[in-house]
Amino acid sequence: MCVKSKHTLNNRSTTQPSPQTMNQRIIPLTHLLQFSDATFPVGTFSFSNGLETAAEKKIVHDAATLEEFARAAARQAAFSDGVAALMAHRAVSAGDYEALCGADRRLMLFKMNDEARLMLRRMGKKLAELGRRLFPESEILRRWLADIESDATPGSYPVAQGIVFRLAGLTEEDLYASSQYGVINMILGAALRCVRVSHYDTQAILFKLAGEIPDLFAEAREMTFEDMNCFVPEMDILASLHEKGQMRMFMS
């Protein structure tokens, strides 16, 4: 039997983090989990990035093809939505409201189909409204929501994420991981209702694609507005077909 000395136990106790340090870790982690949860009330469950059309056309029909579809959608968002979210996060840090609106307007220019624009605007407004409840003293959120309601700015979801994450004290890494997780999980959640896959399949895909996020972040964090890109034409074609398609379980 191994018996630890009192001296060893005392040394171990002195290395425990202080309550303040623990709060600095636990509270932001809890906020990150909250903002990334599939039940977070911003309407992500209503959209699917055109997965129904892909399923109807037999482009996505099993776990392997679903993985490729989710990867394509994640990459499309990585260098457009993800970059705009990071720019918004930095604009809040710098107190630069005009840069915030600039990120919002530029992102909308990258969305080639109506449903994608509608998705970002609806979810963005919902997050702005919820953000006002979470951060009632925030002047930037008050102004942001007022500008959305007056159509002075589109109010896209990634930019709203940048604002809320910064106000919650979350890092750029937290923001980008949540953004990518949201895109992937949105598709996988929809897939359970229109593709022949199981929960085991979707969780394995999510786990695998999560491992690709750090490389995407390393590239996106160095991008400027001029570097933003989202050229995945197959996704936009499917989204355009979805607008008049027969299989419409989701809005996009």
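The largest pocket of this predicted model has a volume of about 630 Å³, where a pocket is an open set of points on a 1 Å grid over the protein atoms alone, at which a 1.4 Å probe fits and which has protein on both sides within 12 Å along at least five of seven lines. Such a volume is the space filled by probe spheres set on the points, the grid points being joined across faces, edges and corners. Its lining, made of residues that have an atom within 4 Å of a point, comprises 42 residues, and Asn-49, Met-119, Gly-182, Val-183 and Met-186 lie nearest the centre of the pocket. Helices here are DSSP runs of H or I with at least four residues, numbered from the N terminus. Helix 2 (19–36), helix 4 (63–78), helix 7 (114–134), helix 9 (157–167), helix 10 (172–194) and helix 13 (233–242) each contribute at least two residues to this lining, with helix 10 giving the largest share, ten residues.

The second largest pocket is lined by residues that include Leu-32, Leu-33 and Ser-36, together with Tyr-181, Ile-184 and Ile-213. At least two lining residues come from each of helix 2, helix 10 and helix 11 (199–210), and helix 10 again gives the most, here six residues.

| Pocket | Volume | Residues of the lining |
|---|---|---|
| Largest pocket | about 630 Å³ | 23 nonpolar, 13 polar, six charged |
| Second largest pocket | about 190 Å³ | eight nonpolar, two polar, two charged |

Three aromatic pairs are found in the structure, a pair being two rings of Phe, Tyr or Trp (its six-membered ring) with centres within 6.5 Å, stacked if the planes are under 30 degrees apart, edge-to-face if over 60 and tilted for the rest. Phe-35 and Phe-165 form a tilted pair, 5.4 Å centre to centre and with 50 degrees between the planes. Because Phe-35 lies in helix 2 and Phe-165 in helix 9, this pair ties together parts that are 130 residues apart in sequence.

Helix 5 (residues 81–94) has 14 residues and should span 20 Å, which agrees with the 20 Å between its end C-alpha atoms; the expected span is 1.5 Å times one less than the number of residues. Eleven of the 14 residues of helix 5 are buried, among them Asp-81, His-89 and Val-92. Gly-95, which follows helix 5, has a positive phi near 65 degrees.

The count of disulfides, pairs of cysteine sulfur atoms within 2.5 Å, is zero. Cys-101 is buried at 4% relative accessible area, and Cys-194 is buried at 15%.

Residues are numbered from 1 along each chain as its sequence is written, and side-chain values use heavy atoms, with hydrogens and water left out. Because the model is predicted, local features need pLDDT of at least 70 and side-chain atom pairs count only at pLDDT 80 or more, whereas totals for chains, interfaces and linings use all residues.

Key:
Buried < 20%, exposed > 50% of the residue type's maximum accessible area, 1.4 Å probe, protein only. Nonpolar A, V, L, I, M, F, W, Y, C, P; charged D, E, K, R; others polar.
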